[in-house]
Amino acid sequence: MTTVHEPTTAADLSVWPASTTELPDGDLAVGGVPLAEIADRFGTPVYVLDEAEVRDRCRTYRNAFPDAEVLYAAKAFLCRAMAHWTAEEGLGLDVCSAGELELAVTTGFPAERIVLHGNAKSPRDLDTALRLGVGRIVIDSPAEIARLAAAVGPGGHQKVMVRVVPGISAGGHEKIRTGTDGQKFGLSIADGHAQHAITRILDQPQLELTGLHCHLGSQITTVKPYLVAVRRLVGLMARLYEQHGLVLPELDLGGGHGIAYRPGEPALDLTALARRVRAELAGACATAGLPVPRLIIEPGRAIAGPAGIALYRVLSVKRTGDHVFVAVDGGMSDNPRPALYGVRYAPRLIGRPGTADRARVTVVGRHCEAGDVLAAGAELPADLRPGDLLAVPVAGAYQLSMASGYNLVGRPPVAAVRDGHARLLVRRESLEDIRSRDVGL
């Protein structure tokens, strides 16, 4: 066990919601609500969403990209409240399934402001999109063209985009890099598949091609990959104009905007991104002799991630050799990201003051996997004990949205905080919920 004798950046609130304040008893308040109070009221594990932080981040995007269409990427995290907040803040929505689409539309989200993605859309996905009147469908493979045209019917009409692969490697981990050739998403510019698919779409009168789409990956913290993508996509648009006289009015650069999970980590500079992408797009279009298309961007993690906090209760503290394992009542069933990508977090003791001395520990989950690690090398008070509460910031994206039923522990609830009040958004998954799906003997 390694003991650190001076305070560390674990106390730094830079990655917490802007409303976070330190309380005299060692607790933190978010949205004016003490986190320990939320844990006592709703139990643990529990996820907390700061509504004001979500809305502020939506407005930041609208202000940075005033002439662009901003779509919230629902795959980061979606519930009815998130759909409602983003709609009220003027964002559109990017969905990947009939489930996400129906939840949003039945909540009141305007279908025409929704874009449907997916590398393998099921018949139900497409039928639901057409039935509800989704704004655009992003075609990801040649097989989708004929299927979609048939589903639309000879007298129908559907706006579509084409997801192209610009051949750019960007992202925080190889498993979340999607702009390169040789992976499952999109149609390659380099081998001509994108151009061929576009020609086929133009032969379908019921499909209206409105633009090109790309998504380079996730956790991108520099602007340069987006500038390269702009140049390559405008180059393709220029070739389409030469071959077909086609002028596309939209260009979707996807999302993947990187955020800091721990104090001191880099994050994408949104102001610089907006300024430089706008300049690059204008310059590339001027060189190609094309009008500047409307830009579309799809932030998900950058809106939801920093607005969320996960609260866990410590179940045991075990010393094994030089290692200290702090086991909590959640784990990879509510946050598989560390196991998938090796992501690192900065958990913090809340609810009571800790000692000044800090120990380097491994925070692990309750599941039957050696890889069930929530925070490796975390620096926490040396007197940590069972019953303590740990809060993990930057927990709003790709945690509950990727949650599983492993060990049948049930998925945690989600509570929203704002102006000193907490309310339940999503209730805890109960044993009865699990049992009711099990219909056979």
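Tutor: Let us start with a term: two strands pair if DSSP finds at least two bridges between them. Helices (H or I, at least four residues) and strands (E, at least two) are DSSP runs, numbered from the N terminus. This is a predicted model, in which local features need pLDDT of at least 70 and side-chain atom pairs count only at pLDDT 80 or more, while totals for chains, interfaces and linings use all residues. Residues are numbered from 1 along each chain as its sequence is written, and side-chain values use heavy atoms, with hydrogens and water left out.

Student: Which residue in E11 is the bridge partner of valine 164?
Tutor: The partner is leucine 187. Strand E11 covers residues 187-188 and runs parallel to E10, with two bridges joining them.

Student: How many bridges join E10 to E12, then?
Tutor: Six bridges link E10 with strand E12 (residues 207-213), again in the parallel sense. Within E12, leucine 212 is the bridge partner of valine 162.

Student: Is E10 mostly covered or mostly exposed?
Tutor: Strand E10 (residues 158-165) is mostly covered, as seven of its eight residues are buried. Buried means under 20% relative accessible area, exposed over 50%, and partly exposed in between (1.4 Å probe, protein chains only).

Student: Changing topic: at roughly what angle do the axes of H2 and H3 cross?
Tutor: The axes of H2 (residues 51-64) and H3 (residues 80-88) cross at roughly 40° and come within 9 Å. Axes are lines fitted to C-alpha atoms, for helices over the stretch in contact, and angles run from 0 to 180 degrees between N-to-C directions. H2 is therefore oblique to H3; angles under 35 degrees count as roughly parallel, over 145 as roughly antiparallel, 65 to 115 as roughly perpendicular and the rest as oblique.

Student: And which residues in H2 meet H3?
Tutor: Glu51, Val54, Arg55 and Cys58 of H2 meet Met82, Trp85, Thr86 and Glu88 of H3, where contact means heavy atoms within 4.5 Å.
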